[in-house]
Amino acid sequence: MCGIIGYTGSEPAKDILINGLKQLEYRGYDSAGIAVLDPNTGFFLKKKTGKVEELAKAAEEEKTDATCGIGHTRWATHGGVTETNAHPHNQGAVTICHNGIIENYKELTSEYGLKNILKSETDTEVVAALLDKFYEGNPYKTIKKVVNLLAGSFALCIMFEDQPGKIFAIRNVSPMVAASFEGGSIIASDLTAVINFSKKYFVVPEYHILTLSESGIEVQDLKGRAVEPEILEVNWDITSAQKGGYPHYMLKEINEQPEAIERTVAPRIQDGLPYLEDDGIDDDLLKNLKDIVIVACGTAMHAGMVGKSIIESKLRIPVTVEIASEFRYKDPIIDEKTLTIVVSQSGETIDTLEALRLSKQKGSKVLSVVNVKGSTIARESDYVLYTHAGPEIAVASTKAYTVQIAAMYILAARLGYVRGVLTEEETKQFMDKLSGVGELMQKTIKASDEIRGIANHIKTAPDVFYIGRGIDYTLSLEASLKLKEISYIHSEAYAAGELKHGTIALISEQVPVIAIATEEHVYSKVISNVREVKSRGAYVILVTNEGKTESSEVCDQQIYIPKVDSVFGVFATAVVLQLIAYYTSDAKGLDVDKPRNLAKSVTVE
């Protein structure tokens, strides 16, 4: 949550900062601001509530050639959405931007007598005030002293007025990446703001102080020892983080799913079998585990639920799916025979990261499924299975979700093979079908006009309900989340068989019910449940396989997915459900990519 950018070099910083914030805006868009440091005139700040475009308009007439500055786009945690609370924050000789939460800011305010000098309601300004209070000309000594006082998570970009051309940075948990290039040095919350300048970058190590200047970046630990960071290279093109002619990033990313699946699956097939040696995942790990715990948040958790369904039904291995934000506050039943699988698109999700650390403390091996190379979760895991979705800009996750499911399928296939549950032929057939899901998704995407019509019908509904059984129920949970987060329609998902146990009381005339029925062995049961809601006046949209035609007594509209084993039909079904959410939000005239109150990467608890 929140986006930071810092640049120092040979070019005027203002436009570079604002353009970078536009790339980072999906991390927070309550307010935005920039600060540049001119060696002759000192700090210049400009802050605006609302989106980055409002800041860009406000700064358009401001003339400054300063070549060093920092910027921030905010997702509010402490204090309301006001210009005063927007970052950067200045106190005396110090100006900073901050991501994260300082948990002891009230105690620090009281202990160091800061109350009367603070202008905002934020925890961030407390850090700025402490830096200014202790500063005596040595940035390293001051930063070290202040961060040792802080409890919580933080990513800090700091400018000292008497250090022109320099940006200092340090982090704990909250992510930052940095790069140096011919025109200077840049630091940001993630790669989307860096890749325009360099494909080579490094992840800022925790509790290390960076000094960015035009000539490069110096890194030292808190004992003052120089450190050479590991240089990584971006494996996607800048156009992957642009709309490419689509009206919204979300629609573009829905359309990118077949290629993302191909990039994730194809390199992990050798001689027709699932191949994980290049990922460093040892067969002995899979042979010797007794159970699996999948830990994740939101959409990633829903992908884990699909993984649970496949692993338990096909392999008969016990799998528990845990909400990461709850996991660390209970006493989970895991030990050295448990494999913990953590799932996170960004690899920086704070609740998931803390769950990972707890699992390792209890002796469990941890395998992470992440999209971002070098992320904190990836670095702290025992094993990593990278997905290859490329950058995902829309707040509502689509392609990251389906590649996470694909990763689960690859793991399931390898598990079944090495444990002797699946024969070689069965495993090859499984992987062959998995390789073909991109084509199914592409076929579904091409038939999206029918889905657009459904969106026009449900856009005025105050409530929408999703029902399904088995794996379709897990898909309905994700579908409901997508709809409510971008259309603001109240939506719930229910196991279809549970309707009679109370929730059918919510069904009334013309309430939309989206029923998912793709599993043959429970198809008739789901149709019986559909009849129950239809008889009570519901407007029923049935999502099912080609060839399953139902009368108007059962449903008002029907959406077909290509006929295939339901285990693999989940990918096409996911596309349908994503498009329903997308077109509904678009039909309501909402900002599809930037839903209110949400941010892409959740890096605070």
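## Report on a predicted structure

D271 is exposed, with a relative accessible area of 65%. The model discussed here is predicted.

### Loop residues with particular backbone geometry

The loop that holds D271 runs between β15 (269-270) and β16 (273-274). Although D271 is not a glycine, its phi is positive, at about 55 degrees.

R316 also has a positive phi, near 60 degrees, and is likewise a residue other than glycine. Its loop connects α9 with β18 (319-323). R316 is exposed, and its relative accessible area is 66%. The cut-off behind this description is a relative accessible area over 50%.

A further backbone feature concerns a proline. The peptide bond that leads from H87 to P88 is cis, and its omega is near 0 degrees. P88 is placed in the loop between β4 (68-74) and β5.

How many of the eleven residues of helix α4 are buried? Nine of them are, so this helix, which spans residues 124-134, is largely enclosed by the rest of the structure. Buried here means a relative accessible area under 20%. The nine are T124, E125, V126, V127, A128, A129, L130, L131 and F134.

Among the partners are the strands β5 (89-91), β6 (94-102) and β7 (152-160). The helices α3 (105-111) and α5 (139-147) are also partners.

D132 belongs to helix α4 as well. D132 is partly exposed, because its relative accessible area is 27%, a value that falls between the cut-offs of 20% and 50%. Which residues does D132 contact, leaving aside its neighbours within four places in sequence? They are Q91, G92, A93 and V94. One of these, A93, is 39 residues away from D132 along the chain, yet the C-alpha atoms of the two are separated by 6.0 Å.

In soluble globular proteins, nonpolar side chains tend to be buried together. The largest nonpolar core in this model has 97 residues, and the members that touch the most others are I292, I341, Y409 and F571. Helix α19 (residues 566-587) supplies the largest share of this core, with 14 residues. A second core is separate and has 28 residues, including A56, V177, V194 and V234.

Not counting residues up to four places away in sequence, I292 touches I311, I317, P318, V319, T320, L339, I341 and L415.

### Packed helix pairs

| Helix pair | Axis separation | Angle |
|---|---|---|
| α16 (449-458) and α19 | within 8 Å | roughly 50 degrees |
| α7 (257-265) and α13 (399-418) | 9 Å | about 30 degrees |
| α9 (298-315) and α17 (471-487) | within 9 Å | roughly 175 degrees |

The axes of α16 and α19 cross at roughly 50 degrees, which makes α16 oblique to α19. Their crossing is right-handed. On the side of α16, the contact is made by I451, R452, A455, N456 and I458. On the side of α19, the contributing residues are V576, L579, I580, Y583, T584 and A587. By class, this contact has eight nonpolar, two polar and one charged residues.

The angle between α7 and α13 is about 30 degrees, and that makes α7 roughly parallel to α13. The cut-off for this description is an angle under 35 degrees. The crossing of α7 and α13 is right-handed. In this pair, Q257, A260, I261, T264 and V265 of α7 meet K399, T402, V403, A406 and I410 of α13. The contact divides into six nonpolar, three polar and one charged residues.

How do α9 and α17 run relative to each other, roughly parallel or roughly antiparallel? Their axes cross at roughly 175 degrees, and the two helices are therefore roughly antiparallel. From α9, the residues G298, T299, H302, M305, V306, S309 and I310 take part. They meet I471, T474, L477, E478, L481 and K482 in α17. This contact has six nonpolar, five polar and two charged residues.

An α-helix has 3.6 residues a turn, so residues three or four places apart point the same way.

Technical notes. Residues are numbered from 1 along each chain as its sequence is written. This is a predicted model: local features need pLDDT of at least 70, side-chain atom pairs count only at pLDDT 80 or more; totals for chains, interfaces and linings use all residues. Side-chain values use heavy atoms; hydrogens and water are left out. Buried means under 20% relative accessible area, exposed over 50%, partly exposed in between (1.4 Å probe, protein chains only). Helices (H or I, at least four residues) and strands (E, at least two) are DSSP runs, numbered from the N terminus. Contact means heavy atoms within 4.5 Å. A nonpolar core is a set of buried Ala, Val, Leu, Ile, Met, Phe, Trp, Tyr and Cys residues joined through side-chain atoms within 4.5 Å. Axes are lines fitted to C-alpha atoms, for helices over the stretch in contact, and angles run from 0 to 180 degrees between N-to-C directions. Angles under 35 degrees count as roughly parallel, over 145 as roughly antiparallel, 65 to 115 as roughly perpendicular and the rest as oblique. A crossing is left-handed if the near helix is turned anticlockwise from the far one by less than a right angle, and right-handed if clockwise. Ala, Val, Leu, Ile, Met, Phe, Trp, Tyr, Cys and Pro count as nonpolar, Asp, Glu, Lys and Arg as charged, and the others, Gly among them, as polar.
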